[in-house]
Amino acid sequence: MDKNQKPENNISYQTQDESGNLEAKTKGIWENIKALIRELLEIRHDTDRESTVEAVKKDISFKGHNAWILIFSIFVASVGLNVGSTAVVIGAMLISPLMGPIVGVGMSVAINDVLTLRKSFINLGLMVGLSVLTAYVYFLISPVKEETPELIARTYPTILDVLVAIFGGLALIVAKTKKGTIASVILGVAIATALMPPLCTVGYGLAIGNWSYAGGALYLFSINAVFIALSTFVVTKVLDFPLVKYVNSKRRKRTAQIASTIAVIVMIPSVILFVFLLQEQLFESKAKEFVSNVMRYEGTETIKATYDYKEKSIEVYLIGNRVPQTSITTWEKQLKDFEALKETKLIIHQGADPTGAIDELSTQVRSGILEDLYMKNQELIEDKDEKIAILENEISKYRSSSFSFSDLSQEAKINYEGIEELGYSNLITTNFSKTDTIPTFTVGWKKNIKASEVSQQKDRFEKWLKVRLKLDTLQVKSVN
């Protein structure tokens with residue numbers, strides 16, 4: 001029995017050894033992965049703190065060349081917004097020097113540098129004032145004051161604007177802290193965060209007297225600026241930038257308290273705004289999903305839907321078969337299944353009869369519907385006109401096939417005794433820009449008819465053919 005048990009013990013020992021080796025290998029692989037991730041994402045060892053602070057302070061200054069660059073870039077951005085050209089707007093953002101003071105605010109708060117903070121605020125205020133004034137002057141003298149999509153898009157912040165500002169600000173300050181600043185990243189951030197277009201839109205709103213546009217655009221600029229500064233503050237703290245030292249310890253403590261207070265004042269409203277915009281975006285997303293997936297009724301179509309997060313309402317305009325109240329009640333119950341729409345009120349407008357009339361719709365909505373229909377019909381008409389022209393050209397090749405050549409020739413023989421022979425064919429002609437098919441008749445005249453009489457009969461015969469065949473264009477050729 002003891003001999004039989006030894007192999008089992010050996011197997012047990014081998015299994016334990018293999019299990020231990022497997023655990024050791026797994027642990028080794030995991031450690032290698034963690035080391036790879038640390039090496040991949042570590043930026044502390046490649047951070048030049050002193051040079052970064054100096055570079056940020058240098059970019060804060062706003063005078064001379066920077067002032068003129070800002071003025072010219074604002075003009076370029078205003079022109080781009082005025083004509084709705086995205087490419088021109090991007091070009092203006094590439095040369096804008098607005099980033100410096102904003103980054104300066106975030107970094108000076110993080111390192112307790114009151115002097116730099118004061119300088120950053122002063123220069124930021126000057127830049128904003130000059131930008132708005134320049135845009136105001138441009139739009140005031142510009143003959144084109146129509147609202148373009150580029151302008152309207154800068155009148156109120158969305159969750160997308162906040163996210164772009166956050167990650168754009170992070171990319172900017174990380175690029176600045178690296179030894180050897182990554183210029184391309186900074187230029188890319190200048191495009192992404194879009195600081196200039198909102199300021200141009202503020203000037204546009206002031207120029208046309210639309211205070212809601214001006215206020216909304218200034219709000220959007222403030223959001224972008226706050227989150228860029230906040231991102232700078234966070235990265236500066238994470239990378240352990242040294243605090244500014246003061247000879248007077250009380251002054252340093254007071255300065256630290258002021259900086260911390262400013263940071264809190266900036267962060268709390270920013271976080272509240274971020275949460276609010278996130279909830280608003282979620283509400284609109286779920287509302288659109290509800291309207292498109294749940295609100296379905298045979299013979300009925302949704303022509304317009306509006307979503308009001310503040311009023312917690314979804315307003316839907318229907319056209320087609322009238323939806324019964326039982327279906328509407330079911331939709332209202334299904335609305336509660338969406339967590340983000342539980343307290344939302346469903347407002348439905350629909351035609352007064354099954355024919356799909358839109359009597360109950362507001363004048364504004366009806367105007368919008370008619371305008372959309374007009375634009376779509378206009379495009380369809382233009383497309384159909386082109387097709388009709390092509391088809392008419394093709395049909396013209398066969399348009400003479402509607403008559404009987406035998407009957408026509410008998411009538412011609414009775415009316416024109418001088419005709420001895422009659423032929424017919426379609427002659428295809430082109431001027432190299434248009435191809436056409438012309439019905440062509442060849443006439444052989446009797447030899448005893450004089451040339452002058454042939455000419456007269458030919459003209460009369462051609463006129464008769466046009467009336468007889470109802471054709472505007474044809475040719476008659478004499479063969480003798």
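E462 and K466 join their side chains in a salt bridge, at 3.9 Å from N to O. A salt bridge here means a side-chain nitrogen of Lys or Arg within 4 Å of a carboxyl oxygen of Asp or Glu. Both E462 and K466 sit in helix 16, 4 residues apart, about one turn of the helix. Helices are DSSP runs of H or I with at least four residues, numbered from the N terminus. K466 is partly exposed, at 30% relative accessibility. Partly exposed lies between buried (under 20% relative accessible area) and exposed (over 50%), using a 1.4 Å probe and protein chains only.

This is a predicted model, where local features need pLDDT of at least 70 and side-chain atom pairs count only at pLDDT 80 or more, while totals for chains, interfaces and linings use all residues. Residues are numbered from 1 along each chain as its sequence is written, and side-chain values use heavy atoms, without hydrogens and water.

K286 and E289 form another salt bridge, with their closest N and O atoms 3.7 Å apart. Both belong to helix 12 (residues 249-293) and are 3 residues apart, about one turn of the helix. K286 is partly exposed at 28%. E289 is also partly exposed, at 33%.

## A salt bridge between helices

Which residue pairs with R468 in a salt bridge? The partner is E411, and the closest N and O atoms are 3.1 Å apart. R468 is in helix 16 (residues 451-469) and E411 is in helix 15 (residues 405-415), so this pair ties together parts 57 residues apart in sequence. R468 is partly exposed at 30% relative accessibility. E411 is partly exposed too, at 30%. By this rule, the count of salt bridges is 5.

## Surface patches

Patches are built from residues with over 30% relative accessible area and no salt bridge; like charges are joined within 9 Å, and nonpolar side chains (Val, Leu, Ile, Met, Phe, Trp, Tyr) within 5 Å. Accessible areas come from the Shrake-Rupley method with a 1.4 Å probe, and for residues only the protein chains shown count as cover.

E379, E382, D385 and E386 form a negative patch. Asp and Glu count as negative, Lys and Arg as positive; His and chain ends are not counted. E386 is in helix 14 (residues 363-395). E386 is exposed, at 54% relative accessible area.

I29, W30, I33, I37, L40 and L41 make a nonpolar patch of about 650 Å². I33 lies in helix 1 (residues 2-41). I33 is partly exposed, at 37%.

How values were computed: Charge placed at Lys NZ, Arg CZ, Asp CG, Glu CD. Helix = DSSP H or I, 4+ residues; strand = E, 2+ residues; numbered from the N terminus.
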